[in-house]
Amino acid sequence: MTALPELHRQLDEMRPALLRFAMLQLRNQTHAEDVVQEALLAILEKPDNFSGKSSLRTYVIGILKFKIIDLLRLSGREIQLADSEDSDQSEAELIDSLFRADGHTHQDASAWGSPHGTLEQKDFFRTLEICLEKLPAQTSRVFMMREWLELSTEEICKELDITTSNLWVLLYRARLRLRECLDLNWFGNLAK
Amino acid sequence: RFFYTCKQAHQMLSEGMDRQLSVAERAQLKLHLSMCRSCTNFSGQMRLLREAMKKMSKDGGNE
């Protein structure tokens with residue numbers, strides 16, 4: 001077990017990153033600060049629960065994810081972020097703009113190389129966070145629920161009261177936008 | 001249509017991350033990928049994105 005003052009110091013160091021992750025999911029500063037505070041308090045109240053089998057960081061992020069899921073379940077519908085029809089239309093237009101009328105891409109996708117090297121680079125994750133911040137709110141929430149909170153498609157549909165086909169469309173749009181953003185800002189492939 | 005366009009292939013590659021594709025869908029996707037380097041690269045990009053999110057989900061990435 002980590003000594004309490006040392007645990008305090010380490011948690012304090014992690015706090016900005018935890019807030020960023022909570023903000024990516026919740027898009028609300030107050031809610032984000034609340035869940036981070038609750039997660040840190042839960043850890044400090046029962047420091048013996050951290051067995052050291054995983055890193056402290058992995059343990060803390062796991063607790064934070066549970067706190068975010070709890071919040072979404074308690075008030076999910078209330079804090080739902082409605083995308084307007086206008087933004088829905090502009091999203092569809094954005095995707096259409098990537099393809100020619102015959103359904104083929106305007107520009108060939110480039111190879112990004114081995115994931116191993118990329119995923120070892122700290123700056124890559126900062127770029128990915130920036131790309132996630134740029135996603136429309138509802139698209140971002142759905143993508144983070146699926147890929148960061150690792151909820152099943154059934155759970156997400158139930159929490160947000162959307163159909164599976166609607167969910168697949170939102171996830172597809174999120175992935176296309178993130179691909180475009182990473183391609184430009186990390187892999188350096190300028191659109192022709 | 002028997003042959004997927006790139007747009008359909010991209011959508012199927014994404015949906016395949018969230019649901020089990022049917023035998024017919026998998027066959028059409030495989031056929032398209034066998035003829036299209038761009039979509040094969042796109043498939044690799046989707047895999048990297050998922051691995052990156054898995055890592056971010058586990059430990060926040062490399063901090």
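**Overall build**

The model is predicted. Chain A has nine helices and zero strands. Read from the N terminus, its elements run α-α-α-α-α-α-α-α-α.

Chain A has 192 residues, and 45% of them are buried. Now take the contacts in chain A with a separation of 6 or more. Of these, 73% join residues 24 or more positions apart.

**Two loop residues with positive phi**

Glu150(A) sits in the loop between α7 (137–147) and α8 (153–160). Its phi is near 60°, a positive value in a residue other than glycine. Is Glu150(A) partly exposed or buried? Its relative accessibility is 42%, so Glu150(A) counts as partly exposed.

Asp161(A) lies in the loop between α8 and α9 (164–185). Here phi is near 55°, again positive in a residue other than glycine. Asp161(A) has a relative accessible area of 58%, so this residue is exposed. The cut-off for that class is over 50%.

The values for both residues are set out below.

| Residue | Phi | Relative accessible area |
|---|---|---|
| Glu150(A) | near 60° | 42%, partly exposed |
| Asp161(A) | near 55° | 58%, exposed |

How values were computed: Residues are numbered from 1 along each chain as its sequence is written. Chains are lettered from A and ligands numbered from 1 in the order in which they are written. This is a predicted model: local features need pLDDT of at least 70, side-chain atom pairs count only at pLDDT 80 or more; totals for chains, interfaces and linings use all residues. Side-chain values use heavy atoms; hydrogens and water are left out. Helices (H or I, at least four residues) and strands (E, at least two) are DSSP runs, numbered from the N terminus. Buried means under 20% relative accessible area, exposed over 50%, partly exposed in between (1.4 Å probe, protein chains only). Contact means heavy atoms within 4.5 Å.
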